[in-house]
Amino acid sequence: MAAPDDPIKVAFENAVRDFKATLGDQKLLGDILKTKSIEEVYDATDAIQKEQAEKGHLRHLAKIQRFLEGLRSYAQVIEVFIQAKQDVLALIWGPIKLLLHWTHNMKTSFDAIVDAFADIGLLLPEFQGVTKLFGHNELIKDVLVLFFRDILDFYLIVLKFFRRT
């Protein structure tokens, strides 16, 4: 558990602050923060697949399951280590739902987003297993923060790109 002045908790808060400042769009941030859980992302993927099936243009969304489950594992770990607030978790889930929603009618863009999520999913470690092995090592917490920053940086790049198109 994190102490009030825990440097790891402060590092997560700084990452959130930096993301919000770099995003620079309060409406977009509000849209991102509406999604609080992986269940909401799965609901969105189900709705998208239903719509695509009705149109005869079903895409292979199952490819992102490893990505989503890897992030679920990560979110569970950071909830324990830093007692993550809802806005931290929303920054993990919100951009996924938003990007899938924005691109689901653009076949090439949608496939690119799904492929990127799938590729990242292949590289995600099993966070719960890693923290069980190395949880006593303070450096693992630094890795958790670095990963959070990396995922937020990825989201910023993709969100800014699709916001312009």
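Student: At roughly what angle do the axes of helix H4 and helix H5 cross?
Tutor: This is a predicted model. In it, helix H4 spans residues 65-82 and helix H5 spans residues 86-103. Their axes come within 10 Å and cross at roughly 170°.

Student: Are H4 and H5 roughly parallel or roughly antiparallel to each other?
Tutor: Angles over 145 degrees count as roughly antiparallel. The axes of H4 and H5 cross at roughly 170°. H4 and H5 are therefore roughly antiparallel.

Student: How many nonpolar residues does the contact of H4 with H5 have?
Tutor: Residues of H4, including Phe67 and Leu71, meet residues of H5, among them Ile92 and Trp93. By class, this contact has no polar and two charged residues, and its nonpolar residues number 11.

Student: Are H1 and H8 roughly parallel or roughly antiparallel?
Tutor: The axes of helix H1 (residues 7-23) and helix H8 (residues 139-164) come within 10 Å and cross at roughly 10°. Angles under 35 degrees count as roughly parallel. H1 and H8 are therefore roughly parallel.

Student: The structure holds six aromatic pairs. Is the pair of Phe12 and Phe148 stacked or tilted?
Tutor: The ring centres of Phe12 and Phe148 are 5.1 Å apart, with the planes at 45°. Planes under 30 degrees apart count as stacked and those over 60 as edge-to-face, with the rest tilted. The pair is therefore tilted.

Student: Is Phe148 buried or exposed?
Tutor: Buried means under 20% relative accessible area. Phe148 has a relative accessibility of 0%, so Phe148 counts as buried.

Note on methods: Residues numbered from 1 in each chain as written. Predicted model: local features only at pLDDT ≥ 70, side-chain atom pairs only at ≥ 80, totals over all residues. Heavy atoms only, no water. Axes fitted to C-alpha atoms, helices over the stretch in contact; angles between N-to-C directions. Helix = DSSP H or I, 4+ residues; strand = E, 2+ residues; numbered from the N terminus. Parallel < 35°, antiparallel > 145°, perpendicular 65-115°, else oblique. Contact = heavy atoms within 4.5 Å. Nonpolar A, V, L, I, M, F, W, Y, C, P; charged D, E, K, R; others polar. Phe/Tyr/Trp six-rings, centres within 6.5 Å; stacked < 30°, edge-to-face > 60°. Buried < 20%, exposed > 50% of the residue type's maximum accessible area, 1.4 Å probe, protein only.
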